[in-house]
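Trainee: Could we go through this structure slowly, with the reasons behind each label spelled out?
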Amino acid sequence: MQIVKAERFLVDGGIKPLCFLKLTTDSGLAGWSEYSEILGGAGLGHIVEQMCASVMHVDPRDSARVAQRLEGLARSASGGLNAQAAAAIENACLDIKGKALGIPVYEMFGGAVRDRLPCYWSHFGMYRVRAAHHLGVAPLRQLADLAAMAHEATSRGFRFLKTNVLLFGAEGPRVYMPGFGRDLGGPELNLDGVLLEAIELQISTLRDAVGPAFGLALDLNFNFKPAGVRRIAQALEPYKLAWLESDLPDAKSMAAIRQATRTPMASLETVVHRRSALPYLAADAVDYAIIDVMWAGMGESVRLAALAGAYDVNINSHVFSSPLAAAMGAHLCAIAPNFHLMEVDVDAPPWVAGLFFQSLQISDGTLAVPAGPGWGIEPNEEALRQHAIAKT
Ligand SMILES: O=C([O-])C(=O)C[C@H](O)[C@@H](O)C(=O)[O-]
């Protein structure tokens, strides 16, 4: 079997553009994966295309050899977009191999140790602040709306949610995201008393709404320096977060924060290789390691999870895109003995589910591991074309 064609699809996902790679083989079998051009991924599609040229006429069932070759080709500029492009190709190869064998991807890695994954409603409130008009829901305008949304989460069976910093000022609600260069507050990324008070109010409102036993988490993303993260972690101790998430580039700073607070800390979503994860794990810097299969590729994700397991650290998946990326994360969560929680995006524009032949099954706060061949979620090419946007 040989790869004979590579195609990429850029699709309107309402909240964010969605990017898919399709590799077709001479046997007629095709495999899919997802990558993302948001969060610093501009131009990634071109790198994917360039890398695909180097795997033409290669057998996709040799996915480990493909991954190693792509890593080698990008050695002098490893990580970053090169790693994400290689991951997209490896992940599409695994989809082909699963389909060729008639088994889910998780079977190729020893099989699932669970078939339902406790999951958390992620980006809670963020999408309703930014893009309620795409979601067919009422916009989130004030803290009372966030409390009402929390009741919605509990009544839908969720036991965990993760929110981001949402500000409800006189000028209207907004997502505080200077770490991604989208907001005032960067590049210095300071925390002042007003911001800290707003964060405390957001979390106390959610805690009051969901009760003491519900798992509440807050993602600070890249929005604060270590001093700010530490202050927030300590200030939120009374609200007993399930975890506070932060992406800090230095393992020692992260470890110092973890030592200084009773709030459990999570990190590492952008760390796509064991080499970079090791300093955090060796320094006891995290309670939970976040792994993104879309960014790291399934092979390295499995190895990252094993490395975290050696330090008795459990993993969460990182998911922020379409159901295909979620399915890829679910396969990792299905096999990792040291699994904690699966991230899911519940708020999505109505047409996004229709981009796929199958849908994700979420009930009672758990996601069913997709059990069909390959990733178990197949894009509907006709629907992708209907919602296509111009390729960058
Ligand atoms: O941790 C995450 O899921 C991200 O960093 C995703 C971002 O929040 C992204 O979805 C955004 O800001 O639109």
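This is a predicted model: local features need pLDDT of at least 70, side-chain atom pairs count only at pLDDT 80 or more; totals for chains, interfaces and linings use all residues.

Trainee: Why is Thr 24 called buried?
Mentor: The relative accessibility of Thr 24 is 16%, and buried means under 20%, so Thr 24 counts as buried.

Trainee: Where does Thr 24 sit, and which residues does Thr 24 touch?
Mentor: Thr 24 belongs to strand S2, which covers residues 17–25, and, leaving aside residues up to four places away in sequence, Thr 24 touches Gln 2, Ile 3, Val 4, Lys 5, Glu 7, Leu 29 and Ala 30.

Trainee: What makes up the lining of the largest pocket, by class?
Mentor: That pocket has a volume of about 560 Å³, and among its 31 lining residues Pro 323, Asp 345, Val 346, Asp 347 and Ala 348 are the closest to its centre. By class, the lining of the largest pocket holds 20 nonpolar, six polar and five charged residues.

Trainee: How do you know where the C-terminal domain feature lies?
Mentor: An unreviewed UniProt entry places "domain: Mandelate racemase/muconate lactonizing enzyme C-terminal" at residues 143–264. In the model this span is 42% helix and 17% strand, and its end C-alpha atoms lie 25 Å apart.

Notes. Residues are numbered from 1 along each chain as its sequence is written. Side-chain values use heavy atoms; hydrogens and water are left out. UniProt positions are given in the numbering used here, feature names are shortened, and annotations may be inferred rather than shown by experiment. Helices (H or I, at least four residues) and strands (E, at least two) are DSSP runs, numbered from the N terminus. Buried means under 20% relative accessible area, exposed over 50%, partly exposed in between (1.4 Å probe, protein chains only). Contact means heavy atoms within 4.5 Å. On a 1 Å grid over the protein atoms alone, a cavity is a set of points where a 1.4 Å probe fits but cannot get out, and a pocket is an open set with protein on both sides within 12 Å along at least five of seven lines; lining residues have an atom within 4 Å of a point. Grid points are joined across faces, edges and corners, and a volume is the space filled by probe spheres set on the points. Ala, Val, Leu, Ile, Met, Phe, Trp, Tyr, Cys and Pro count as nonpolar, Asp, Glu, Lys and Arg as charged, and the others, Gly among them, as polar.
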